[in-house]
Amino acid sequence: MAHPRFLTITPNPAVDTTYLIDRLTLGAINRVDQALPVAGGKGNNVARILAALGQTPTATGFTGGHTGTFIERGLKSAGVVPSFVSVPGASRVCLTIVEQETGRITEVREPGQPVTAEDAERLLGHVRNLARETDVAVISGSLPPGLPSDFVTELVSLLKSHNVFVALDTSGEALRGGLRGQPDLIKPNRDEIRDLIGPFADRDELVVRVQERLFGELLSPTAAVLVSLGADGALLIEPNRAIVAKPPSVDSVNSVGSGDALLAGFLDARGQGCDLPQVLARAVATGTAAALDEAVGVVNGDDIERIYAEVIVETIPAIPTMFVRQVCQPQPAQRCHAR
Ligand SMILES: Nc1ncnc2c1ncn2[C@@H]1O[C@H](COP(=O)(O)OP(=O)(O)OP(=O)(O)O)[C@@H](O)[C@H]1O
Ligand SMILES: [Mg+2]
């Protein structure tokens, strides 16, 4: 699968605007130093980053109004093929306020305009057509008001019935809904995985819990769970093994959207025949590179390569209760530079 055909599905897109500001003062007028709007919503972030990595993904979901037009134009100029279903309400705007004095980040998120059952049917019909030309689909982000979690179940099932590899990155009820459709990969962060499996004391307990509680019951034995751990990198958990990749320490500027970059990096490297530890290393390098850019979900290729050379990968063999670790830090010569 040298050039997998990617489809991203963003039910609730947004113009994601980052405001760079010295210091945010509540109850006062705040002057913005720089406004950095991007065509966002989590699936659209994944699409933009896949395009930055050299892929030509198609992006779908609902768009409306002048903000919807901005999103479609922004995606197109980033190398993504927009193919959205039009709805009457304008697409939402989400703000990420980065205070440059302290690095503190404040997010302000609109819920999005409601969509109807008829809109949902139109999107399902559209995805049914697109599925015929798709190898890998990514369903990401929240649902707009009016869409039940069963919609995600239907979306996943529909794509699976066309033999599409389905990656799911959402939370709460939407994630539970999606799991009922048996996706191939889910990408929870710490909070999202805790919501699914309950509290865990450390990484080893997290691995065992996921293996015991998710596989066989909620996920098929051929699926995988990609848990993102912020500055600690990411864990890829399969029924019989787990791999962890840790990035070097960096000065993170804006980590909003870096989970989307992690997922894009994972799917891009997976499609290029890298072995799984290398796929995870490239994924983490892409996620960490996104944390270095001020705008949401934007990556620089040189940052990715520089970080990739320093990612440490560790395989945890499946011996529940008595983990034996085998440190396998790949040497530069063994690294996967498929492109
Ligand atoms: N402070 C940081 N330093 C280095 N890398 C980071 C940092 N924060 C995030 N990352 C990178 O980004 C990846 C995803 O991070 P995180 O777990 O925060 O995702 P997330 O919560 O799903 O983010 P979002 O949903 O906003 O995209 C990590 O695996 C890591 O590679
Ligand atoms: Mg996330």
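Predicted model: local features only at pLDDT ≥ 70, side-chain atom pairs only at ≥ 80, totals over all residues.
Let me begin inside the protein, with its largest cavity, whose lining is made up by class of 8 nonpolar, 6 polar and 1 charged residues. In that count Ala, Val, Leu, Ile, Met, Phe, Trp, Tyr, Cys and Pro are nonpolar, Asp, Glu, Lys and Arg are charged, and the others, Gly among them, are polar.

Residues are numbered from 1 along each chain as its sequence is written, chains are lettered from A and ligands numbered from 1 in the order in which they are written, and side-chain values use heavy atoms, with hydrogens and water left out.

Back to the cavity, then. A cavity is a set of points, on a 1 Å grid over the protein atoms alone, where a 1.4 Å probe fits but cannot get out, whereas a pocket is an open set with protein on both sides within 12 Å along at least five of seven lines, and lining residues have an atom within 4 Å of a point. Grid points are joined across faces, edges and corners, and a volume is the space filled by probe spheres set on the points.

The largest cavity has a volume of about 100 Å³, and of the 15 residues that line this cavity, Asn12, Phe62, Val87, Ser91 and Gln113 are the closest to its centre. The second largest cavity holds about 30 Å³ of space, and its lining divides into 5 nonpolar, 3 polar and no charged residues.

Why is Thr67 counted as buried? Thr67 counts as buried because its relative accessibility is 8%, and buried means under 20% relative accessible area, with exposed over 50% and partly exposed in between, using a 1.4 Å probe and protein chains only. The side chain of Thr67 reaches the backbone oxygen of Ser91 at 2.6 Å. Leaving aside residues up to four places away in sequence, Thr67 touches Val15, Ala90, Ser91 and Val93, where contact means heavy atoms within 4.5 Å.

Let us turn to the largest pocket, which has a volume of about 950 Å³. It is lined by 43 residues, of which Asn189, Ser255, Gly257, Ser258 and Gly259 are the closest to its centre. The lining divides into 10 nonpolar, 21 polar and 12 charged residues.

Next comes ligand 1, which has 20 residues around it, with Lys187, Ser228, Gly233, Gly257 and Gly259 coming nearest; a residue is near when one of its heavy atoms lies within 4 Å. An oxygen atom of ligand 1 is 2.8 Å from an N or O atom in the side chain of Ser228, and a backbone N or O atom of Gly257 lies 2.9 Å from an oxygen atom of ligand 1.

I will finish with Ala283, which is in helix α9 and counts as buried because its relative accessibility is 0%. The C-alpha atoms of Ala283 and Leu262 are separated by 4.7 Å, although these residues are 21 residues apart along the chain. Not counting residues up to four places away in sequence, Ala283 touches Ala261, Leu262, Gly265 and Phe266.

Notes: Polar contact = N/O pair within 3.5 Å; in protein donor to acceptor, adjacent residues only side chain to side chain. Helix = DSSP H or I, 4+ residues; strand = E, 2+ residues; numbered from the N terminus.
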